[in-house]
Amino acid sequence: MTTAKPQLSLYNTLTRTKAHFVPMDEKNVRLYACGPTVYDFAHIGNGRAAIVFDLLFRLLRHTYGVEHVTYVRNITDVDDKINARALRDHPDLPLNEAIRKVTETTAAQYGKDVAALGCLEPTIQPRATENIAEMQAMIQRLLDKGNAYEAGGEVLFAVDSMPDYGQLSGRNLEDNLAGARVAVDTHKRNPADFVLWKLSSEDEPGWESPWGRGRPGWHIECSAMSERYLGETFDIHGGGLDLIFPHHENEIAQSRCAHGSHTMANVWIHNGFLQVEGQKMSKSLGNFFTIHDLLETKALGGRKWPGEVLRLAMLMTHYREPIDFTVRRLEEAEALLNGWYRAVGDVTAEGGLLCAGMVDALDDDLNTPAAVRALHELRAEAVKGIVPAMRSLKASAALLGLLTDTATHWFSGEDVEAGAVQTQVAARLAALNAKDFAKADAIRNELADQGIALMDYKDEAGQRQTKWEVKR
């Protein structure tokens, strides 16, 4: 394990400064990131958040040790959008069964999609519906402390009960609008008060509570789940910029007031927005793409894109900056990956030293553009067939969640029978070793006609080897 020194610097939205990250406990570094609301396929903006916090998870594991980092990414499986989707897609099923069908299917698809983007599974993936008791307990604490009240069949958080409400977003209390997913009603004491618990009709999902059969508000879910799995105060909380207000602001309010603490998480990290070909992603503009669209259909650029290409395209921009997701960017990312795969061939990362320039870049607030440049410089050595450099490139890229494939498989192509190609490659190699150059050239030319390029190199023992790829 790397010595746990405060070398990692992170930008903290709460303080608006970049500072050395010092965990509360080096043996128990805790990270929480807001996960999906599982009513539909995740779009590529959701994919960016998943990649950013997966990278942070990987870096923390590298720095403090795999067993010393806990990453929680929740699944919101109770929500009015889910109810609407269930009624639309499964009108013949009982509502609870229809909801379960929607959430189970969508959560499974999300897991498959982000895995294709190279994301590790979080340590814990709690579901909102499995933590209703914890939410109710927190709501009762807020009522007991005078930070919440019952009105109009709801339990609401009283924002004016928290004098410094609004620190994360920088909004004045007078300027705040009501929280997302809640209408401004006359029963509220303050238009900015937000719902903690709302009553459910007979045809809506609900749980029994001291305030009647109902369901939780959006914000209380993450406060309760982060407390259960990470404690009242933890190290890092993450999400997209769009979550700063109202979601994260209201999480802080609930958690701090319920616990009587000065903070919920010590560091707040937010990734920037994503647009497509210079425009805000919108279904009305026809540029709204899900992760599944890009992986499995020809929705953008007339072709499917490998998960590693999508991941690198995201990492080529700093996580806090806005990103313009274009076909050109994807092509640039693919070209980089092709060059790296050519350089490493089928070597493993075993014994490979991490590129110091890359690690230094990541330690500087996840500066992935600089990390990518450092790897590209390392490629110049690896492409010469210098095995330590090849292994180093492979190991270093793995920390970014890249070069997880073999070059043989990466370049094999969907329509190429890899086994048949490998047989021809082996036959050509045998011909070369037997000095039957005419036969070797004939095989090379035959493969070239199929769009397959061959590259000869010598292994660590000085023996001639050949790697191949489909020309992309």
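Predicted model: local features only at pLDDT ≥ 70, side-chain atom pairs only at ≥ 80, totals over all residues.
Visitor: Where is the place of Asp 365?
Guide: Residues are numbered from 1 along each chain as its sequence is written, and side-chain values use heavy atoms, leaving out hydrogens and water. Helices (H or I, at least four residues) and strands (E, at least two) are DSSP runs, numbered from the N terminus. With that settled, you'll find Asp 365 in the loop between α10 and α11.

Visitor: Does Asp 365 count as buried or exposed?
Guide: Buried means under 20% relative accessible area, exposed over 50%, and partly exposed in between (1.4 Å probe, protein chains only). At 1% relative accessibility, Asp 365 counts as buried.

Visitor: What is the phi of Leu 366?
Guide: Most residues other than glycine have a negative phi. Leu 366, also in the loop between α10 and α11, isn't a glycine, yet its phi is positive, at about 55 degrees.

Visitor: At what angle do α10 and α11 pack?
Guide: Axes are lines fitted to C-alpha atoms, for helices over the stretch in contact, and angles run from 0 to 180 degrees between N-to-C directions. The axes of α10 (residues 356-363) and α11 (residues 368-382) are 8 Å apart, and the angle is about 180 degrees.

Visitor: Which residues of α10 make the contact with α11?
Guide: Contact means heavy atoms within 4.5 Å. On the α11 side you have Thr 368, Ala 370, Ala 371, Ala 374 and Leu 375, and facing them from α10 are Gly 357, Met 358, Ala 361 and Leu 362.

Visitor: How many of the 9 residues of α8 are buried?
Guide: Among the buried residues of α8 are Glu 308 and Arg 311, along with Val 309 and Leu 310. The helix is largely enclosed by the rest of the structure, because the count of buried residues is 9 of the 9.

Visitor: Which residues does Pro 322 touch, leaving out those up to four places away in sequence?
Guide: Pro 322 lies in the loop between α8 (307-315) and β13 (323-325). It's exposed, with a relative accessible area of 59%. Even so, Pro 322 touches Arg 48, Phe 273 and Thr 317.

Visitor: Which residues does the cis peptide bond join?
Guide: Most peptide bonds are trans. Here, one with omega of about 10 degrees is cis, and it joins Phe 245 and Pro 246.
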